Amino acid sequence: MSNLLNILLESWGPLGAGIGAGLAAVGAGIGVGLIGGKAAEGIARQPEALNAIRGTAIIFAAFVEGVALFAAVIALLAMGS
Amino acid sequence: MDRINLKNRILTAVFWVFLGAFSAFAQHSDPNPHSEPTPTEETGEHKEHSKEGKFDVMHHIADDYSFPLAGDYYVWLPLIIFEPGKGFDVFLSKELHNPDPTTGLIRGKYYYNHGKLFIVEGGHLQLDDKGHPIGKHSAKLTDIGSSHVFYDISITKNTFGLLLSVVLLLVIFISVARAYKKRGTDTAPRGLQNAMESIILFVKNDIAIPFIGEKKYAKFLPYLLTIFFFIWINNLLGLIPIFPGGANVSGNIAFTFVLATLSLLLVFIFGKKHFWGHILWYPGVNVPLKIFLAVLELVSVVSKPFALMIRLFANITAGHILIMSIIGMTFMVKSLIGGVSIGIVTSLFSALMFVLELLVGAIQAYIFTLLTAQMIGAAVEEGHEEHKEHAAAH
């Protein structure tokens, strides 16, 4: 317990990094979930558009993931400082 | 059917042997050959140990002068140091690991610490008040013209990985091109040519034509194919954990920076009047708004390749860190549960991560190429033609 307290008092960097990376993961989870849900809906409605929807969904998922990874990189930087 | 069954069995056997070997390795070997003896529970040494562990992961994704194989075995790569006024100095990175025991220096003037190389003056090591050695350091972009630098153009891990990927691409595509020359484009493709043809056609039909347009895609297709295969092969080589691969090339920000800059240059060079008109002097609005929009649009032109750069770098780096962390978990938890059981768990997890990274490597190459095609497509679009096309469609 005193160990944890020591780490917290000595530097806030790891704490901020952890919270930041966690929030980014929450955001990315919501984003990718929405994309996946809507893509599944679209495919159920129009099965013939499967390929177009899949391609678009992958691209948008990569966008969302990219933003989450920006946050991960910043979290890494915060942890190092 | 029998053949497939046999193949499956052999593969499964190899997998379990690998698992067992890895678990045994986890039980017996020390994760960090440089670390001090077992840390005690005292706070100071414990912290030291956790710091070393973190450093180790970052160390494996960073660039280095030699390839670690296992334990104390390395593949040595040449260092090429250019010191202004004194000329080139070429030596093997093996010497970095055997510094002079009394002075701590290599070849009488180099000092090597935590992946950084320094040249110290006067033949003995002096530290300044920040703990950096006094002398020359490797030149950065901001140091050009300074006299306290040397230029480090060594064949490092990343340089080696880059050269290897170039050689592989040349071998693959020259043989494919020869196959087309020999057999012509009318006969069915065979072997390597067959494998490559489907991917090349995918880049052409699903990336270049939809985003750049039927008329203009041909000029940009070679560039799109080049970056696609270059990024992909570097992603794949980065996933090979042992010597020829294992350099984290596409997870290096300099690599992605150069690729994104090339894409931006294409936009600058081939951008049409229509494109620049809509950026610098937006038609149909009043002058203050025109100026505001010009600033906004210029930022957006530069921010797109910036996002490309960060996306590729962060994806690949995050993947490597994840795999390293899962493998590193073996060494952290082994004293609690026992090396073999945690070794099996982490091996399975890291195998899954490797499969995921194979997918991510291909998707990131696809995304980078696609967004580049989109940028180029927006830049070369001609306003009037589009109106005509629309009119024809109606």
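Let's start in chain B, where two helices meet. Ile172(B), Ser175(B), Val176(B), Ala179(B) and Tyr180(B) in H3(B) touch Leu192(B), Gln193(B) and Met196(B) in H4(B). H3 covers residues 157-183 of chain B, and H4 covers residues 191-212. They pack at an angle of about 100°, with their axes 9 Å apart. So H3(B) is roughly perpendicular to H4(B).

One caution before going on. This is a predicted model. Take chain A. Its pLDDT averages 83. In that chain, 84% of the residues score at least 70. Where is confidence lowest in chain A, and where is it highest? The lowest is helix H1 of chain A, residues 2-10, at a mean of 63. The highest is helix H2 of chain A, residues 13-45, at 91. Where pLDDT is low, the predicted coordinates should not be read in detail.

Now the layout of chain B. The domain assignment gives domain 1 as 78-154 and domain 2 as 159-393. Taken over C-alpha atoms, the centres of domain 1 and domain 2 of chain B are 36 Å apart.

Next, the sheet in chain B. Six strands form an open sheet. The order is E4-E3-E8-E7-E6-E5, and the pairing is mixed. Which strands sit at the edges? They are E4, residues 87-92, and E5 of chain B, and each pairs on one side only. On average, neighbouring strands here are turned by 30° against each other, direction ignored.

E5 of chain B is residues 110-113, and E6 of chain B is residues 116-120. They run antiparallel, joined by 4 bridges. Tyr111(B) has Phe118(B) in E6(B) as its bridge partner. Asn113(B) stands opposite Lys116(B) in E6(B). The hairpin of E5(B) and E6(B) has 2 residues between the strands. There, His114(B) takes a positive phi near 50°.

Val120(B) stands opposite Gly135(B) in E7(B).

E7 of chain B, residues 135-138, pairs with E8 of chain B, residues 149-152, in the parallel sense. This pairing has 2 bridges. Ser138(B) has Phe150(B) in E8(B) as its bridge partner.

Back to helices, with another pair in chain B. H6 of chain B is residues 253-270, and H8 of chain B is residues 287-337. They pack at an angle of about 150°, with their axes 8 Å apart. Parallel or antiparallel? That angle is over 145, so H6(B) is roughly antiparallel to H8(B). The crossing of H6(B) past H8(B) is right-handed. On the H6(B) side, the contact includes Ile253(B), Phe257(B), Leu264(B) and Val267(B). On the H8(B) side, Val301(B), Pro305(B), Phe306(B) and Phe313(B) are among the residues that meet them.

Finally, the two chains together. How many residues of chain B are in contact with chain A? There are 10, and they touch 10 residues of chain A. H8(B) gives the most, with 6 residues.

Definitions and conventions
Residues numbered from 1 in each chain as written. Chains lettered and ligands numbered in written order. Predicted model: local features only at pLDDT ≥ 70, side-chain atom pairs only at ≥ 80, totals over all residues. Domains from an automatic or database assignment. pLDDT = per-residue confidence, 0-100. Pairing = 2+ DSSP bridges. Axes fitted to C-alpha atoms, helices over the stretch in contact; angles between N-to-C directions. Parallel < 35°, antiparallel > 145°, perpendicular 65-115°, else oblique. Left-handed = near helix turned anticlockwise from the far one by under 90°. Contact = placed C-beta atoms within 7 Å.
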